Amino acid sequence: MGNLGVAVLWRAAYLRAVRSAFATVPFYRERWALDGREDPVLVPGRTGTDGGAAPLAEALHKVVDLVPLAGGTQRPEPARGLGRVLRTARAPGRGSLVVLLGPDGLRPPSDLPKGVRGCVTDPDSPSAAVLGEVTAVLRRGHRVLAVGEDKAITTFTAAVPAELEHRVEAVPQRELDSLDAGPYGVLHDPALGYLGALGPCGRWHLDWPHVYARRTSAGLAITLLRQDSPRFVDVVPAGGVRGEIASCPRHGTPVVLT
């Protein structure tokens, strides 16, 4: 890692997450006690299958066991981290509106910067209230950022008044197995939330204070460093994606190479 301080802090946070998960979360307590793992080796002489990493699909199948013994929610947060990664992808200014495109039941982002508002709507049938707010914000000269899949952004934008639709700024979501060259984008997983963003340097930056990633024989494994429940530690999303974690030569913070 180019920035030694970042690398040390990142690594230390990850090791704390592993030890805490082994001590308090049933899914990891059972899995690692029987099979072991790497970094740190919690059972002497056993390194575990894929170094202790688990497929995300398997973890979600046992989501009740991802709740710590002290209790917590079983519900993943698909919008987790959006506010932080937007600062890298397409930083919204004060007065901006962030429209998160997704199905019913998706909760609005709760971590947007001060002065930035957020809402959620189904792109196939956007609510009149959301369209009215989008129109009002654009006519006041502020920015509207539409976050979602490519098709969802296209569908939603077409519902905005024709004279304003070109001013809606697209922020496409990409999963780990579909990273591209942008020019804009956020790295997302439906269960883990927002993991990073495409920076102005053209590299996919991780939200490193909150997300850890490492290479395993099953693919890149993700750890959410600050989520209390459900706990995701060394889970492998997108069916397993081969890649590398490197340091951005310009910024000195972790980037994903696939």
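User: Which residues do ring pairs link into a cluster?

Analyst: Phe22, Phe27, Tyr28 and Trp32 form that cluster through ring pairs. Keep in mind that this is a predicted model. The whole structure holds 5 aromatic pairs.

User: How is a pair of aromatic rings described?

Analyst: Now take a case. Tyrosine 14 and tyrosine 212 have ring centres 4.1 Å apart and planes at 10 degrees, so this pair is stacked. The pair links distant parts of the chain, 198 residues apart. Tyrosine 14 belongs to helix α1, and tyrosine 212 to strand β9.

User: Are tyrosine 14 and tyrosine 212 buried or exposed?

Analyst: Both tyrosine 14 and tyrosine 212 are buried. Other buried residues of α1 include Val6, Trp10 and Leu15. The buried residues of α1 pack against α2 and β9, among others.

User: What span should helix α1 have?

Analyst: Count 1.5 Å a residue.

User: Which residues touch the most other members of the largest nonpolar core?

Analyst: Tyr28 and Leu192 do, in a core of 37 residues. Helix α1 gives the most to this core, with 7 residues. Another core, of 17 residues, lies apart from it and includes Cys119 and Phe156.

User: Where does the charged end of arginine 37 sit?

Analyst: Over the ring of tryptophan 32, 4.5 Å from the ring centre. Tryptophan 32 is also one of the clustered residues. Elsewhere, arginine 90 lies over the face of tyrosine 184, 3.6 Å from the ring centre.

Definitions and conventions
Residues numbered from 1 in each chain as written. Predicted model: local features only at pLDDT ≥ 70, side-chain atom pairs only at ≥ 80, totals over all residues. Heavy atoms only, no water. Helix = DSSP H or I, 4+ residues; strand = E, 2+ residues; numbered from the N terminus. Expected span 1.5 Å × (residues − 1). Buried < 20%, exposed > 50% of the residue type's maximum accessible area, 1.4 Å probe, protein only. Contact = heavy atoms within 4.5 Å. Core = buried A, V, L, I, M, F, W, Y, C linked by side-chain atoms within 4.5 Å. Phe/Tyr/Trp six-rings, centres within 6.5 Å; stacked < 30°, edge-to-face > 60°. Lys NZ or Arg CZ within 6 Å of the ring centre and 35° of its normal.
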